[in-house]
Amino acid sequence: MNAQRLWIIGAAIVAVAVLVLGWFVGVEPQLAAMRATDEQRRGVEAQNLATEATVARLEKDFASLGALEDEREDLRGSIPVTEDTTLLFNQLDALAAASGTTVTNVTPSPLVAYTPPVVEVPVDPESDGAEANEGEAPAAPAAPAEPSGPPVITDPLITPENFYAMQITVSVTGSNEAVLDFVDRVQHGERLFLITSLQVASDEETEQFTATSTGSVYVLLGAGDSTDGADE
């Protein structure tokens with residue numbers, strides 16, 4: 001009886017051992033593989049969603065590529081990538097013809113390299129210096145800060161090596177309305193022309209007016225090669 005009971009107990013122990021061994025050898029690795037596969041599937045799904053978002057953004061950008069290229073050409077017309085003044089002279093002649101005036105003089109000056117503006121960082125008077133010692137008279141209140149203009153916006157791609165200004169003086173003759181119309185067309189024309197001085201004189205004998213405008217035009221040298229290379 002004792003031997004039979006021992007056999008039963010031994011068989012039960014062996015059965016339990018087989019089940020436990022089967023769990024660790026067969027079932028647990030399969031479950032671990034399933035969990036790893038599920039995590040990998042979620043990772044692939046997240047990557048697919050990110051890829052779909054990127055593709056959608058690229059499709060949207062590609063749809064607006066034509067408008068961006070048109071804007072680039074407009075900017076090139078405003079600030080060309082060459083210092084050749086032939087196109088500028090032709091534009092001034094066209095503006096004069098449209099306003100009913102005659103160009104009598106155009107005097108360009110040599111190119112001048114762009115100088116980036118210096119941005120001054122305001123100093124907090126409260127943090128400047130140590131606190132007053134005990135017994136000392138309190139410092140006089142600081143004067144109110146003067147109003148400042150809009151913040152200066154700079155671009156690191158615009159440097160003295162590639163951006164230049166050219167001062168130019170243009171004189172036209174015509175009626176008073178015509179010469180003023182020419183000045184307005186120059187300021188709002190295709191080429192960026194910043195007028196800094198304007199003188200208008202009249203001739204009593206001919207009843208003609210002469211408007212002499214002095215200002216600056218700008219060129220961005222070296223930008224044409226890089227952008228053209230990107231288009232190829």
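This briefing describes the fold, core, surface and confidence of one protein model.

The model is predicted, with local features requiring pLDDT of at least 70 and side-chain atom pairs counting only at pLDDT 80 or more, while totals for chains, interfaces and linings use all residues. Residues are numbered from 1 along each chain as its sequence is written, and side-chain values use heavy atoms, leaving out hydrogens and water. The protein has five helices and four strands, where helices (H or I, at least four residues) and strands (E, at least two) are DSSP runs numbered from the N terminus.

**Overall fold**

- The order of elements along the sequence is α-α-α-β-β-α-β-β-α.
- Of the contacts in the protein with a separation of 6 or more, 77% are between residues 24 or more positions apart; contact means heavy atoms within 4.5 Å.
- The protein has 232 residues, of which 16% are buried; buried means under 20% relative accessible area, exposed over 50%, and partly exposed in between (1.4 Å probe, protein chains only).
- The accessible surface is about 17,500 Å², and carbon and sulfur atoms contribute 59% of that area. Accessible areas come from the Shrake-Rupley method with a 1.4 Å probe, and for residues only the protein chains shown count as cover.

**Nonpolar core**

- The largest nonpolar core holds 15 residues, and Leu-92, Ile-168, Val-170, Phe-182 and Phe-193 touch the most other members. At least two residues of this core come from each of α3 (86–99), β2 (163–174), α4 (176–187), β3 (193–203) and β4 (208–220).
- Such a core is a set of buried Ala, Val, Leu, Ile, Met, Phe, Trp, Tyr and Cys residues joined through side-chain atoms within 4.5 Å.
- Beyond its neighbours within four places in sequence, Val-170 contacts Leu-92, Asn-105, Val-106, Phe-182, Phe-193, Ala-211, Thr-212 and Ser-213.

- Val-217 lies in strand β4 and is buried, at 1% relative accessible area.
- Val-217 and Tyr-164 are 53 residues apart along the chain, with their C-alpha atoms separated by 8.6 Å.
- Ser-78 belongs to helix α2 (residues 65–78) and is buried, with a relative accessible area of 18%. Apart from neighbours within four places in sequence, Ser-78 is in contact with Glu-190, Arg-191 and Leu-192.

**Salt bridge and surface patch**

- One salt bridge is counted, defined as a side-chain nitrogen of Lys or Arg within 4 Å of a carboxyl oxygen of Asp or Glu.
- The salt bridge joins Arg-185 and Asp-181, whose closest N and O atoms are 2.8 Å apart. The two residues are about one helical turn apart because they are four residues apart in helix α4.
- Both partners are partly exposed, Arg-185 at 33% relative accessibility and Asp-181 at 25%.
- Leu-180, Leu-198 and Val-200 make a nonpolar surface patch of about 240 Å². Patches consist of residues with over 30% relative accessible area and no salt bridge, like charges being joined within 9 Å and nonpolar side chains (Val, Leu, Ile, Met, Phe, Trp, Tyr) within 5 Å.
- Leu-198, in strand β3, is partly exposed at 41% relative accessibility.

**Confidence**

- The mean pLDDT is 77, and 63% of residues reach 70 or more; pLDDT is the predictor's confidence in each residue, from 0 to 100.
- Residues 225–232 have pLDDT below 50, and this stretch has four contacts in the model beyond near neighbours in sequence. Where pLDDT is low, the predicted coordinates should not be read in detail.
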